Amino acid sequence: MAEMMGISVSLYNGLEKGKRRMNADYIESAANIFHVLPSQLFEEEPTTIAIAGKVGAGARVPVFDTYEKGDGPQVECPLGLSPHNIVAVEIEGDSMEPVYSAGDLLFYTRWSDGSVPSEAVGRRCVCECEEGLGWVKVVRQGREPGLFDLHSFNDQTPTMYGVRLKWAAPIKLHWPAELARKVDG
């Protein structure tokens with residue numbers, strides 16, 4: 001390793017044992033050898049986010065909170081997204097094409113049951129209706145208080161009018177399936 005970094009064995013041993021101070025040049029040299037970014041040399045175990053289950057847009061998918069907290073599948077937290085209070089769901093079916101595809105992940109924060117916050121209205125949301133079904137829809141205010149109209153992403157799935165929701169949470173991040181790195185839970 002010392003030879004590949006272009007430094008003496010004694011200097012390398014001092015760096016490895018913490019007796020010599022590591023500088024940016026040494027870090028960059030080591031990162032180049034391992035074909036990683038310098039910051040990746042210092043990362044701990046990847047932070048993960050729970051995948052609560054599956055969700056659909058046109059298909060009737062039973063409520064997706066199917067795992068006990070901490071059990072079930074996990075996905076590495078995407079860069080730039082805090083893992084705190086975040087949950088993911090996996091898209092099932094093709095009723096959200098071309099916006100979302102089967103296997104894609106949607107990340108959201110659900111603060112409480114029994115609420116549809118004002119910031120959810122007019123946005124793409126993960127939501128649960130009173131029948132216990134999970135949906136991904138654009139949530140719009142319904143004609144009557146406490147009811148919502150759920151708009152689909154494509155013309156093939158009709159709008160659901162006058163739906164009572166248990167909760168709705170705006171989507172924070174859409175992650176295509178090919179980018180997701182799932183981890184055993």
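Tyr108 and Trp167 are both buried; buried means under 20% relative accessible area, exposed over 50%, and partly exposed in between, with a 1.4 Å probe and protein chains only. The model is predicted: local features need pLDDT of at least 70, side-chain atom pairs count only at pLDDT 80 or more, and totals for chains, interfaces and linings use all residues. Residues are numbered from 1 along each chain as its sequence is written, and side-chain values use heavy atoms, with hydrogens and water left out.

A search of the whole structure finds two aromatic pairs. Rings of Phe, Tyr and Trp (its six-membered ring) pair if their centres lie within 6.5 Å; planes under 30 degrees apart count as stacked, over 60 as edge-to-face, and the rest as tilted. Phe107 and Trp175 have ring centres 5.8 Å apart and planes at 65°, so this pair is edge-to-face. Phe107 sits in strand E5 and Trp175 in strand E10 (residues 165-175), 68 residues apart. Helices (H or I, at least four residues) and strands (E, at least two) are DSSP runs, numbered from the N terminus. Both Phe107 and Trp175 are buried. The other pair, Tyr108 with Trp167, is stacked, at 5.8 Å centre to centre and 20° between the planes. Tyr108 belongs to E5 and Trp167 to E10, so this pair ties together parts 59 residues apart in sequence.

From E5, step across to strand E4. E4 and E5 (residues 105-108) pair in the antiparallel sense over four bridges; strands pair if DSSP finds at least two bridges between them. Here Val87 stands opposite Tyr108. E4 also pairs with strand E1 (residues 48-55), in parallel, again through four bridges. On that side, Val55 faces Ile91 of E4. Four of the five residues of E4 are buried, so the strand is largely enclosed by the rest of the structure.

Glu90 lies in E4, residues 87-91. Its relative accessibility is 14%, so Glu90 counts as buried. The Glu90 side chain makes a polar contact of 3.1 Å with the side chain of Lys182. A polar contact is a pair of N or O atoms within 3.5 Å; within protein, one must be able to donate a hydrogen and the other to accept it, and residues adjacent in sequence count only if both atoms are side-chain atoms. Leaving aside neighbours within four places in sequence, the contacts of Glu90 (heavy atoms within 4.5 Å) include Ile51, Val55, Asp104 and Leu105.

Now the cysteines. A disulfide is a pair of cysteine sulfur atoms within 2.5 Å. The count is zero. For Cys125, the nearest cysteine sulfur is that of Cys127, 6.5 Å away. Cys125 is buried, at a relative accessible area of 0%. Cys127 is buried too, also at 0%.

Gly132 is in the loop between strand E6 (124-129) and strand E7 (133-141). At 12% relative accessibility, Gly132 is buried. Gly132 and Lys166 are 34 residues apart in sequence, yet 8.2 Å apart in space, C-alpha to C-alpha.

Finally, helix H2 (residues 9-16). Its buried residues are Leu11, Tyr12, Gly14 and Leu15. They cover an arc of only 160° around the axis, which puts them on the same side of H2; the arc is that of the directions from the helix axis to the C-beta atoms. These residues pack against helix H1 (2-5) and helix H3 (24-34). On the other side of H2, Val9, Ser10 and Glu16 are exposed. Gly18 follows H2, with a positive phi near 80°.
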